[in-house]
Amino acid sequence: MEEKEDFLKTKYYLDSALSNFKETDRNYASLSSRKEVFDQYAENYELLTRNDSLIKLSQLSATDQEAYVDAYLAREEERLIREAEEASERKSTGIFENLLAFGGSGGAGGSSFYWDNPAAIQRGSLEFNRTWGNRPLSDNWRSSNRGFQENTNEAIPSNTPATETASENSTETSFATQLPDKASLLSRIPNEPETLQKMREETENAYFNLGKLLYFDLKRPEKAVANLKKLIEEFPDTPKKPEAYYTLYLASRDLNGNPDQYAQLLNKEFPNSQFTKSVNNPEEVSGSQANFESAENYKKAYGYYSEQEYAAARDIIRETLNRYPLTKHTDRLLLLDILIAGKLESVDRYKERLQSFMQNAQDEELLAFAGELLQAVSEEEDSDVPAEETSQMGNEAGDVQETEAAALPTGEQSPYTENPSQTHIFILPMDEELAENVGNLTAELENFHNTNFTNERLRTGTIGLNRETKILIISPFPNAERSLVYRETFLNSFNNDSLPEEIKNSSFVISIENFQQLNKRKDLEEYRTFYEQAY
């Protein structure tokens, strides 16, 4: 079975499983986290499949479109009748049913009594649909003054019997599924240029999102390569190309392929991209130390920016981005650099960089902020303010820029909320290398729990937060207080030779609700800011 089908099935199995779990259950947090990945896969895969089919249909002539829809409806009719016949064969043929069957035996061919024969019901339903369209049952339904498609989309009232002689509980009547009519199917094929353009953009994003999900979250590099190559083939001018090349580089390296070809493409086509710098500087791309230092340097750069020492701020940003090309703070550093460009460079260059940022950034808050900046400077250009006045930027768009920039690093409007009475979990973040070499950590934690938390029934699990960080989860704790008691005991009493003290001290607790936000936003430093204030 193809893996895509497995992923889709897993998504729907997880939907069903989580509906039977409570937030306090041991596996709720890890299942919820995993479910989000499969939800994203299903959303992008189904969108891609649907759009790809509709775009191809839109390129056919009207005659070919009708022929395609006719063939589709014929196949669906055959499928429905085949399923009904299979149901007839599965129907019980016990001796009493055979004796009581109306008009004869209930042999392998199915009962001759219409309402006991699912295949006959299905054929009758389809024939009715072809002749009269989708109609609810009502008096005088053949009346000539009733429009052919008058009630195409109306549902049959739940209290309307299918027939006076058929049982309301008859399972066979469920096979009388109405197919959509030809006109409604044809109307779904897009023809307007705006609609087609939107679908192409959605398809472009879906290829890109699937490539990243398959590589980073689902660990299927070969499938990731297929989707990203398709992206570049069908959308050669996509602004996602640098990151697509970078992910292809990583996946090809894992598959023992030819990653150098993508490194060369990055250096040739995008020499200034952070992804190119990452390929050229693989030793310090990411990891906990890189994240820490880039965060500290961001604070320093923002301090210089606030004091209008733009050159000093830019030097720190450029040095940090060169040394640590890809960290959790890369987008934030890039946007601060763009704000400085708004002070030191031309308006056109400033707008160009904002537009480029919005095409590639992932953080929704930063994207919204960049959009507001772009709108402000565009409105300023469209106004009649003299050039000498706009250069000073003392009001209007300039004020917007300063106000928004002041909110950029502070995190005052945190996405996290204080909820100490909610179920909590304990988190121990580790980089990929440490997680792989930490040895028998899980077994030692089980012994630690048996000694110190015998009645808690704690469970331990590990999930990937992002491509460079794994988090060890211990749950559940009924509230914040109990989780903090656990953390204090852990810091004072748990010892593992492979677990450095600074890693132990980086642990924290988090409510179930906030964990869902953290897993979505993937920003540990952002949560730590909230954690230090709230706990």
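Buried here means under 20% relative accessible area, exposed means over 50%, and partly exposed is in between, using a 1.4 Å probe and protein chains only.

A word on the source. This is a predicted model, where local features need pLDDT of at least 70, side-chain atom pairs count only at pLDDT 80 or more, and totals for chains, interfaces and linings use all residues. Residues are numbered from 1 along each chain as its sequence is written, and side-chain values use heavy atoms, with hydrogens and water left out.

Back to T320. It sits in helix α13, residues 310-323. Helices (H or I, at least four residues) and strands (E, at least two) are DSSP runs, numbered from the N terminus. Which residues does T320 touch, leaving out those up to four places away in sequence? They are S294, N297, P325 and L333. Contact means heavy atoms within 4.5 Å.

Next, the cores. A nonpolar core is a set of buried Ala, Val, Leu, Ile, Met, Phe, Trp, Tyr and Cys residues joined through side-chain atoms within 4.5 Å. The largest one has 77 residues. Within it, L445, Y486, F490, L499 and F515 touch the most other members. Helix α2, residues 28-58, gives this core its largest share, ten residues. Apart from this core lies another, of 25 residues, including Y305 and L321.

Now look at L445. Beyond four places in sequence, its contacts include L472, Y486 and F490.

On to charges. Side chains of opposite charge can pair when their charged atoms come close. A salt bridge is a side-chain nitrogen of Lys or Arg within 4 Å of a carboxyl oxygen of Asp or Glu. How many salt bridges are there by this rule? The count is 25.

Take K35 and D39. Their side chains meet in a salt bridge at 2.6 Å, N to O. Both lie in helix α2, four residues apart, about one turn of the helix. D39 is partly exposed, at 21% relative accessibility.

K182 and D70 also form a salt bridge, at 3.2 Å, N to O. K182 is in helix α6 and D70 in helix α3, so this pair ties together parts 112 residues apart in sequence. K182 is partly exposed at 27%, and D70 is partly exposed at 36%.

One last group. R314, R318, D337, E345, R349, E352 and R353 are linked in a network of salt bridges.
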